[in-house]
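Please keep the sequence and the structure in view while reading.

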Amino acid sequence: MLGFGDFWVALAYILCLGSTLLCVVYGILHWNDDEEMAEPVHPPDEDLDFEEV
Amino acid sequence: MNYELLTIILAAYVLVTGYLGWLGYRKTRSAADYLLAGRQVHPLLMSLAYGSTFISTSAIVGFGGAAALFGMGLLWLTFFNIFLGIFIAFLLFGRRTRRIGAALDAHTFPELLGRRFGSRFVQGFAGTTIACLMPLYAAAVMIGGARFLEVQLGLEYQLALFVFAVVVAAYVFFGGLKGVVYTDALQGTLMFVGMFILLVATYSKVGGLGSHQALTELASRVPPPLAEQGHRGWTAMPALFSPLWWQLVSTIILGVGIGVLAQPQLAVRFMTVKSGKELNRALIPGGIFILMMTGVAFTVGALTNLFFYQTQGKIALAMVMDPATGKPNIDKIIPTYVSMAMPEWFGYVFMLSLLAAAMSTLSGQFHAIGTSFGRDLYQQALAGGRHQERTVPIARLGIFAGFVLTIVLAYNLPAGIIAIATALFFGMCAAVFLPAYVSALFWKRATLPGIISGMVTGLLAWGLWVLFVHEKESAALGVCMAVFGKTSLAAGTKWAVVDPLIVALPLSAIVTVAVSLATRPIAENVLNRCFGGSPAGSPA
């Protein structure tokens, strides 16, 4: 695959490009999202479900 | 060598760097400016600063050289660097770190841990660990820069090392983080340009994308001793569970890949931006930047084998035999490749981008050493929060001490050490800080005794494994030989090649959780101060 000697190296090569794309797309889609603005709507602790642990 | 061209390029670079450092110095008015750049940094600047602090000569020269040895399996580290080191780090860790850091008015990574659990001991312990062990990583970065100067300019290694270190120390010393963030952005840009040219030039030299196939076919040239240890060519992973596989996967890929999440000099960058929005935006340049740095370094590193084979009839390792020891010095593979394969002008440009890479990382490291020493150990842990005015002078004293220790290490560490020393430090950070850091951000049930016992267990387990079991270090350090008369207690078994991280991180995590669950939870009102809406920047 892609001239590589084994599947795992080819997978790494593809994942490198894929994860970069993920960063770019996520950054563009959430350009103006700000957690601070969401805080007054949801009480600060509501997003934490760790207390049940 | 074209001395005039070189002098002009270097002089321009030193002047601009000096100017930016001075600009930072002039704008550094408060301790928050010195420690956190005033919490107002632009996302592009922040991500370039994060990226250029993360990536250094260690990543490019040291790990690039390791890729020439292990092959493209190192690309797994690039994937971890981008997915964990950027995506997860910015989104999960970055947001929380920024918000809790601001709510608790934390100025440093140890202070974040200390205030979250209401303990000056935690802050002092974390600060001391960082200040004492960071020079190992800083030395690896310095060696990377000095090796390049040695090959490219034919300079004496020791002299190059010293001059270079003095310049870095000077501007970190005066500029604080504001100066560091400005120069980092310039350096990040330079690194990007240098690596981009290197990528295009290398692929065009060795035959484009078809070169992957050619490199695969070179597998028959793997030296027999390496093949016996599991090497299966430069485009395949080493044989599963072979000694080389353990070294590649446990030390290099996991050590650095996971360790990045708990790097004090990187975590502090999250506290320099104004809001979570900036972190989303910073993902874009951050992801592209890391791909362009480690992705290119590791691909080119592996492809140097093809280049050297096509032009010299030898693989990369055979090009860098050290006449004194008779062993290859993998730290010299990338410098040798650039000086032989690239035109002279590119050698200078690339040298500059490497200097930039080293300077930005070293400045972040020395900044972390200084603040650990001045703020965490002295002002908070020892002086009990008094003598705020002494933070910056004592941080500067700490930078000086860390600088001296780094130079001593850089002169004394053996050849081919860059990737190993870096991975060791990253692994240590993961073992000692990661469970505490994750708990601080996400787990309200974590308690102070849990955090302290987890951190101490992590450090002890990591330290004992380095001294007595992991043969690469235990043999070099000699403590095991002195006490037990052998290089490693596990000599001859698989355990001798298993990285300290693999043992120390799970132990530290288990102890953190178990002790936390067995002790009384932190009071709700204390937790609310960390997680619940205390306005940004207000004191704890």
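**A covered helix and its partner**

The buried residues of helix α15 of chain B are B:Ile333, B:Ile334, B:Pro335, B:Thr336, B:Tyr337, B:Val338 and B:Ala341. In other words, seven of the nine residues of α15(B) are buried, and the helix is mostly covered. The model discussed here is predicted.

**Packing of α13(B) and α15(B)**

- Two packed helices are described by the angle between their axes and the distance between the axes.
- Helix α13 of chain B, residues 276-312, packs against helix α15 of chain B, residues 333-341, at an angle of about 50°, and their axes are 10 Å apart.
- The two helices are therefore oblique to each other.
- The crossing of α13(B) past α15(B) is left-handed.
- On the side of α13(B), the contact is formed by B:Val300, B:Gly301, B:Thr304, B:Phe307, B:Phe308 and B:Gln312.
- On the side of α15(B), the residues in contact are B:Ile333, B:Ile334, B:Thr336, B:Tyr337, B:Met340 and B:Ala341.
- Sorted by class, this contact between α13(B) and α15(B) has eight nonpolar residues, four polar residues and no charged residues.

**Loop residues with positive phi**

- Most residues other than glycine have a negative phi, and most peptide bonds are trans.
- B:Asp105 is not a glycine, yet its phi is positive, at about 55°.
- B:Asp105 is placed in the loop between α5 (75-103) and α6 (109-116) of chain B.
- With a relative accessible area of 18%, B:Asp105 is buried, because buried means under 20%.
- B:Phe241, also a residue other than glycine, has a positive phi near 65°.
- The loop that holds B:Phe241 lies between α10 (224-228) and α11 (243-259) of chain B.
- B:Phe241 counts as partly exposed, at 44% relative accessibility, because that class runs between 20% and 50%.

- A:Cys16 is in no disulfide, and the nearest cysteine sulfur, that of A:Cys23, is 12 Å away. A disulfide requires two cysteine sulfur atoms within 2.5 Å.
- A:Cys16 counts as buried, at 3% relative accessibility.
- B:Cys132 is likewise in no disulfide, and the nearest cysteine sulfur, that of B:Cys429, is 13 Å away.
- B:Cys132 has 48% relative accessibility and counts as partly exposed.

Note on methods:
Residues are numbered from 1 along each chain as its sequence is written. Chains are lettered from A and ligands numbered from 1 in the order in which they are written. This is a predicted model: local features need pLDDT of at least 70, side-chain atom pairs count only at pLDDT 80 or more; totals for chains, interfaces and linings use all residues. Side-chain values use heavy atoms; hydrogens and water are left out. Buried means under 20% relative accessible area, exposed over 50%, partly exposed in between (1.4 Å probe, protein chains only). Axes are lines fitted to C-alpha atoms, for helices over the stretch in contact, and angles run from 0 to 180 degrees between N-to-C directions. Helices (H or I, at least four residues) and strands (E, at least two) are DSSP runs, numbered from the N terminus. Angles under 35 degrees count as roughly parallel, over 145 as roughly antiparallel, 65 to 115 as roughly perpendicular and the rest as oblique. A crossing is left-handed if the near helix is turned anticlockwise from the far one by less than a right angle, and right-handed if clockwise. Contact means heavy atoms within 4.5 Å. Ala, Val, Leu, Ile, Met, Phe, Trp, Tyr, Cys and Pro count as nonpolar, Asp, Glu, Lys and Arg as charged, and the others, Gly among them, as polar.
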